[in-house]
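Visitor: Please show me the model, and then let me ask about its fold.

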Amino acid sequence: MTNTSLTGFGAVVMIDDPLTVRPELSSKLVGRAQGIYASASQTEVGLLMVLNFVFMEGKYNGSSLSVLGRNSVFSAVRELPIVGGSGLFRFARGYAHASTHTFDLGSGDAVVEYNVYVYHY
């Protein structure tokens with residue numbers, strides 16, 4: 001079904017992408033976005049996101065935030081739940097607002113901005 005689906009239904013992708021301060025790849029690297037997403041909708045581009053923001057810089061070095069939720073890709077702003085974390089983010093709860101900065105339809109490459117609001121101990 002994935003090969004004939006307009007939404008890519010059933011496709012599964014692993015990611016290990018840079019987390020930077022600004023949208024440009026030349027911007028300061030602060031961590032990695034690592035995880036998996038799967039196309040989970042047959043009627044729109046809706047992804048199941050299982051994602052860790054792994055921090056490698058500054059005060060949060062060695063800590064991570066965990067995201068688990070639905071990403072309706074073509075919505076201007078998507079809200080995804082923060083379901084946990086490690087290190088300084090132990091017991092984290094909150095949400096992330098995702099918005100697409102750039103998207104290349106040919107390659108499928110995207111730059112996505114995440115604004116994260118988190119409560120932790």
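Guide: Here are some notes on the model, then your questions.
This is a predicted model, in which local features need pLDDT of at least 70, side-chain atom pairs count only at pLDDT 80 or more, and totals for chains, interfaces and linings use all residues. Residues are numbered from 1 along each chain as its sequence is written, and side-chain values use heavy atoms, with hydrogens and water left out.

Visitor: In what order do the seven strands form the open sheet?
Guide: Strands are DSSP runs (E, at least two residues), numbered from the N terminus. Two of them pair if DSSP finds at least two bridges between them. The pairing here is antiparallel, and the order is β1-β2-β3-β4-β5-β6-β7.

Visitor: Which are the edge strands?
Guide: An edge strand here pairs on one side only. β1 pairs with β2 (residues 29-39) over nine bridges. The edges are β1 (12-20) and β7 (110-119).

Visitor: Is S27 buried or exposed, and why?
Guide: S27 is found in the loop between β1 and β2. Buried means under 20% relative accessible area, exposed over 50%, partly exposed in between (1.4 Å probe, protein chains only). S27 has 14% relative accessibility, so S27 counts as buried.

Visitor: Which residue of the turn between β5 and β6 has a positive phi?
Guide: β5 (residues 78-86) and β6 (residues 93-103) are joined by five bridges. L80 stands opposite A96 in β6. The two strands form a hairpin with six residues between them, and the residue with a phi of about 65 degrees is G87.

How values were computed:
Helices (H or I, at least four residues) and strands (E, at least two) are DSSP runs, numbered from the N terminus.
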